[in-house]
Amino acid sequence: MGIVSFVHRITGVLLFLVFPFIIYLFSLSVESQESFNSARQILNQPLALLAQIILLWAIAHHFFAGIRFLLIDAEIGVEKSRARLSAWLVIIAEVFTLLAIACVVSL
Amino acid sequence: MSFYVSQGLKPWVIQRVSAVYIVLFILYALVSLYSSETIAYATWINWLYTPFNTVVVGIFLIALLLHAWIGMRDVVLDYINNSVKRILILSILISVLLGCGLWVFKILLLSVAS
């Protein structure tokens, strides 16, 4: 439960740290056909693919844990037992999302 | 409502509202960009510089900057208690975020002009 919240914070900071690099790729993608191809090549590197998986997971976790916080703000799931349940739901949701992405990508 | 309560409420609301827009934008972008083939440069440029999309992306960027700023500010306020260190780190954070924002706006605006 506390882990879900903590990871929510960590994924937030992680996404912030990655942001400038994402913008760099964005700038490459727009400049010209050649730089667009360069961006694509960068993204296809094995390390970059791993990074993309990690970042997609980070976004998924941040999103689902964020929804959990929104519900708690609305006084839903505040009691300890319900909070534990919602924490597990977050974990299930993000694993499911990752699997779904893996399926879509491999198609 | 007391002054201090409203001071805390504003970032809280902004963070939630910006989060909602970010999610809606991601859904919109995925749906409107989706195709079974990998995207080509021409398709991407056409999508991005359709005026509606340029604006939607611009607003997404502002929402993202606000959301990230409030989030990072909360982290700093939670873990760093020294006032001087706080000001220093928050200044660096704002600079990075503003720099990123200006960079993206340059891409969105200057490319359209040429």
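Trainee: Among contacts in chain A between residues at least 6 apart in sequence, what percentage join residues at least 24 apart?

Mentor: This is a predicted model, and every value here is computed from it. Chain A contains 4 helices and 0 strands, arranged α-α-α-α from the N terminus on. When contacts in chain A between residues at least 6 apart in sequence are considered, the share that joins residues at least 24 apart is 72%.

Trainee: Is chain A a compact globule or more spread out than one?

Mentor: The C-alpha trace of chain A spans about 55 × 30 × 20 Å along its principal axes. For 107 residues the globule rule gives 13 Å, and the radius of gyration of chain A, 17 Å, is well over that value. Chain A is therefore, relative to a compact globule, more spread out.

Trainee: What is the radius of gyration of chain B?

Mentor: Chain B has 4 helices and 0 strands, and its pattern along the sequence is α-α-α-α. The globule rule gives 13 Å for 114 residues, and chain B is well over this, so it is more spread out than a compact globule. The radius of gyration of chain B is 18 Å.

Trainee: What share of the residues in chain B is buried?

Mentor: A residue counts as buried when its relative accessible area is under 20%. In chain A, buried residues make up 30% of the 107 residues. In chain B, with its 114 residues, the buried share is 32%.

Trainee: Are H2(B) and H3(B) roughly parallel or roughly perpendicular to each other?

Mentor: Helix H2 of chain B covers residues 41-49 and helix H3 of chain B covers residues 51-79; their axes are 5 Å apart, and the packing angle is about 75°. Angles of 65 to 115 degrees count as roughly perpendicular. The relation of H2(B) to H3(B) is therefore roughly perpendicular.

Trainee: How many charged residues are in the contact of H2(B) with H3(B)?

Mentor: From H2(B), the residues Trp47(B), Leu48(B) and Tyr49(B) meet Pro51(B), Asn53(B), Thr54(B) and Val57(B) of H3(B). Of the residues in this contact, 5 are nonpolar and 2 are polar. As for charged residues, there are none.

Trainee: Which element gives the largest share of the largest nonpolar core?

Mentor: The largest nonpolar core has 32 residues, and Phe26(A), Val30(A), Trp44(B) and Leu48(B) have the most contacts inside it. Helix H1 (2-31) of chain A gives two or more residues to this core, as do helix H1 (3-33), H2, H3 and helix H4 (83-113) of chain B. The largest share, 9 residues, comes from H3(B).

Trainee: Which residues of chain A are in contact with Trp44(B), leaving aside neighbours within four places in sequence?

Mentor: Trp44(B) is one of the residues with the most contacts inside the largest nonpolar core. Within chain B, its contacts beyond four places in sequence are Leu33(B) and Ile39(B). From chain A, the contacts are Phe26(A), Ser29(A), Val30(A) and Phe36(A).

Trainee: Is Ser27(A) buried or exposed?

Mentor: Ser27(A) belongs to helix H1 of chain A. Leaving aside neighbours within four places in sequence, Ser27(A) is in contact with Trp103(B) and Ile107(B). With a relative accessible area of 12%, Ser27(A) is buried.

Trainee: Leaving aside its neighbours within four places in sequence, with which residues is Val75(B) in contact?

Mentor: Val75(B) lies in helix H3 of chain B and is buried, with a relative accessible area of 15%. Ile14(B) is 61 residues from Val75(B) in sequence and, C-alpha to C-alpha, 16 Å from Val75(B) in space. With neighbours within four places left aside, Val75(B) is in contact with Arg9(A) and Val13(A).

Notes: Residues numbered from 1 in each chain as written. Chains lettered and ligands numbered in written order. Predicted model: local features only at pLDDT ≥ 70, side-chain atom pairs only at ≥ 80, totals over all residues. Heavy atoms only, no water. Axes fitted to C-alpha atoms, helices over the stretch in contact; angles between N-to-C directions. Parallel < 35°, antiparallel > 145°, perpendicular 65-115°, else oblique. Contact = heavy atoms within 4.5 Å. Nonpolar A, V, L, I, M, F, W, Y, C, P; charged D, E, K, R; others polar. Core = buried A, V, L, I, M, F, W, Y, C linked by side-chain atoms within 4.5 Å. Buried < 20%, exposed > 50% of the residue type's maximum accessible area, 1.4 Å probe, protein only. Rg over C-alpha atoms; globule rule 2.2 N^0.38 Å.
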